[in-house]
Amino acid sequence: MDVVMPQLGETVAEGTVMVWHKKVGEQVEADELLFEVGTDKVETEIPSVVSGIMVEIFVAEGETVDVGTRLAIIDDGNLVTNRSAPKAIKNKTAKVAFVSAERMENSAPRDKSLSPVVRKLLSEHGIDASEISGSGDSQRVTRRDVMSYLETRGGDVSQIVSAGDLTQVIPFSRHRRLTAEHMVRSKATSAHVLQAVEVDFYHVDKARDVKQISWQAKEGFTLTYLPFIAKAVCQAMSEFPHLNSHVDGDSLVVHANVHLAIAVDLNFEGLLTPVIHNANLKTITELARSIHDMATRARDRKLGPDDLSGASYTLSNSGSFGTLITAPIISQPQVAILSIDGVTKKPVVVTGANGDEIGIRPIGILAQSFDHRAIDGAYSAAFLRKIKAILETQDWLAELT
Amino acid sequence: MAELTYREAIAAAIAQEMTRDERVVFLGEDIAGAGGVFKTTVGLLDKFGAERVRNTPISEQAILGAAMGAAMTGLRPIAEIMFSDFFAVCWDIIANEIAKVRYMTNGQITVPLVVRTANGGGSRFGAQHSQSVENWAMAVPGLKVVAPSNPADAFGLLAAAIRDPDPVIFFEHKSLYATKGEVPDDEHVDIIGTAKVLRDGTDVTILALAAMVPKALEAAERLALEDGLSAMVVDVRSLVPLDTQTILATVQKTGRLVTVEENPRLCGWGAEIASIVADECFHDLDGPIVRITTPHIPLPSADNLEDATLPNVERIVATIRARID
Amino acid sequence: MVSSSKKKHATALTSEIRANDDIGEKVRLALFRSQYEIRQLEKRAYDMFLQNMVKGTSHLAIGQEAIAAGFAVAMHADDYTYCTYRGHAHTLARGASMLGILGELMGRECGLLGGKGGSMHLTSVEHGAMGSYAIIGSHLTIAVGAAWSAKYRGTDQVAVCFFGDGTTNIGAFHEAINLAAVWKLPVVFVCENNLYMEYTPIGDVTAVEHPAADRASAYGLESIIVDGNDADAVYRVAQTAFARARGGEGPSLIEAKTYRHGGHSRADPGTYRPKEEVEAWLKRDPIPMYRQRLIDFGIVEEVIDTIQADIDNAVDQATEVAKASPAPSLDVIETDVWADGSSSWRN
């Protein structure tokens, strides 16, 4: 039979053969002292379990081996069956044959829902999940997928699927779908009324002409009509605060400051409306900078949640396309929205020192959609008249210095 | 640096502190001449004498009560409870007295003591001598709870525990006593309340404690080799105070959290941390938090049964493979 | 009107006893003060309970004053007292303020424990009152630790541990006394046997007649029984035990026979005790007995009346101040779990 290293003491893992009291070939009697083992500072005498002849010694004096290691073989008449004794029993980690019946580690339902961090990233960057291909379980979009997408950037917004003949079926992207829902809901909620004024941008143009070159050199972008209109709107709002509000049941909640949303088109792929908070506290220069900054970040998809929320009034600018007039849809829960259309040179009647004459002036239409639940036509008209007056008579040069 | 076994590190830390501060005294069953049933306190009687290293009767309540009485009157006792399972015998002293007396007396009494104990399974001792009960201590306000995974930490954290003015329950793992590691030669004290990142990674954070730490590290190596998965392994080391900041930071980095706990399923230490992460790191999570634990049963004694029941490397690897994508 | 024959007898008795007086007037006055203070404070606590100003639970020691007083007067200022939740008496006897005690019972900011501990945990470390403990038996082991600490530090401090008859049957009692005896520690274990373990006669649940004294031999200790209603007897027994402890001879276990006038706690009217038994013990009320003792030893009644009046005033004062004291600020809730005053478990 095999002589193995015994475990002498709880948590002892190995032992040293100190002395063999029997040599190979010697007769051994049961209970006779066979060898001595040392563990830490303890030495223990080990008697033989069987009687027989010492056949082989595998571990010499002074050697340290793990508990369970075969040290020697004694031929006690049962040698044949013991010759191929199993290897020393070590505390191996068991294979995972046992899986607990308790519903625990491996029993999670698989689904494609977006994880919290993925939702956060998508929202931050204004991406739709359908834009990203998922590499996780069940093709879910993982955090890594979003990060890779953001790095490479580009990619399709909507998938174009050919349907056989020349018609194209373009499924709505998530953004499109959301816009559609919002627009229809807005029309169903507010009693939209369109009201417009023609504005003579002569004085604004004069200021722009004077300032344009130095402005561009200093700010790095063009001074457009938009900051002037934004300024005029904010100024007029102080006299007509009900337009800077929202409807809450049977009440009108009027905001203290003007949080101006500026609609920005993203290359015909969607609309974003970044918000300039407390626009009424800004100078025209500051407004121009804010507008430019917002538009740039919108196109670069670098807007945060704060940048897209909290608006109290909206400006929608189609002017660069030279439109005549637009009836914009109010962005809920606001009560009005102003469309800025094309400014073109027109012949108009100018009253001068010599009476009425025909002159050539840059004329543009400002068209406001207002919610008749909250506002009446006269109030809106007065507001527009005020804006027109500001644009046409304010000392813009002074404001731009 | 010297290479010491975990058990030698324990004795060395106690010796360091008893040399440094004569108020440190030590009591327990068989700790003196015998050097402790796990041989963790060999040599202390010779070095410090029978007045400072005292054998007690089998009287767990008296051992801890005496430690508390001595701690509240100027000494710095270390009490040993042989097997952490025996806490159930003297839990009154720990939970009702030691943990609460400072609060109840409005700060009049302070209890600077350490209760050391041999915790955990893997040694085939059967259900009443193999439990991991650090989660019991975590659940009682007023106790600091420490569980080192290697000799250097055992040394440094025990020294810190002895110097701590508050009660510290120090969970040594009986299956780690023979493990070896490098321990600094000079006077050395660690900081309680700090976790350690043992392995950096980007795909998943694995939190582990005591004997689960080497298993987690081994699993991480295999996952890297076989699956190309990059796992961060964090040794929690201290349940109270808990190094929440480090844990949250690692989850923010990897987006996934797995705990490896030796406690039975319900109310294991990982459940509390999972709750904290779900609350404070929700928006950084890329998937559910996974806990790998012992099932909610008493521990069986046969080799193969115990090995299969406690979390092992194979099960850790398989679970992470299945749940982390 | 005292008859002349009675007067003569009292004088003869008094002069004989006075000649062999080992206690002395100073100590006797202290013993009386202590007992009377405890009585008046406990009665006030009971009154406050009836007026719903003392909340939670309270365990009064009315009837058992002689034990607390006898030991307290015999103790040195730096000795340690450990007692149970029936601890108002012991805490007061060591010198804690009435205001602190009443305030704590009423849950006020001025309470001894700031309102955080309550009636069952009265502690005043500066007076050596190392805590009142509400889990039966645990504090015996803690007192052993304090005694060990004193011996280790080489001081002559003694730890005195008070508990009831019911405690003698719980495990911690046996562990503590055994360890104290084996390590020869300076701890005095005092069993206040008031014959009832909560609502049950102690004899019904104990294997021996004298629950503490009959167990002493199991730990190699002398069996000591004392009349717990006679402060002089208690004082003498205490002195002997302290001399033994300070002399390095180890612990003592003392059983003091006494009786509580009220129920186990304020919620208990004590109707489970036989009427005759209650009446017999009320006749042995320690306060009037000790008042007579003072007179027997020649102390003028006016002196005693003055002592009583002073204490009555003090109790009234403390009551008024406590009543006017605010509840503790909510800010204290998360303080003093740890030695640095904080309570945080995480960063």
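Analyst: First, the term: a polar contact is a pair of N or O atoms within 3.5 Å; within protein, one must be able to donate a hydrogen and the other to accept it, and residues adjacent in sequence count only if both atoms are side-chain atoms. This is a predicted model, so local features need pLDDT of at least 70 and side-chain atom pairs pLDDT 80 or more, while totals for chains, interfaces and linings use all residues. Residues are numbered from 1 along each chain, chains are lettered from A and ligands numbered from 1 in written order, and side-chain values use heavy atoms, without hydrogens or water.

Start with Thr16(A), which sits in strand E2 (residues 14-20) of chain A (strands are DSSP runs of at least two residues, helices of at least four, numbered from the N terminus). Its side chain pairs with that of Thr64(A) at 2.8 Å. Thr16(A) counts as buried because its relative accessibility is 18% (buried is under 20%, exposed over 50%, partly exposed in between, with a 1.4 Å probe and protein chains only). Beyond four places in sequence, Thr16(A) touches residues including Met5(A), Val37(A) and Glu63(A) (contact: heavy atoms within 4.5 Å).

Now over to Arg108(C), in the loop between helix H5 (98-105) and strand E2 (129-133) of chain C. At 15% relative accessibility, Arg108(C) is buried too. A polar atom of its side chain lies 2.7 Å from the backbone oxygen of Lys323(C), and one lies 3.3 Å from that of Ala322(C). Outside four places in sequence, the contacts of Arg108(C) run on through Ala324(C), Ser325(C) and Pro326(C), and also include Met53(C) and Gly114(C).
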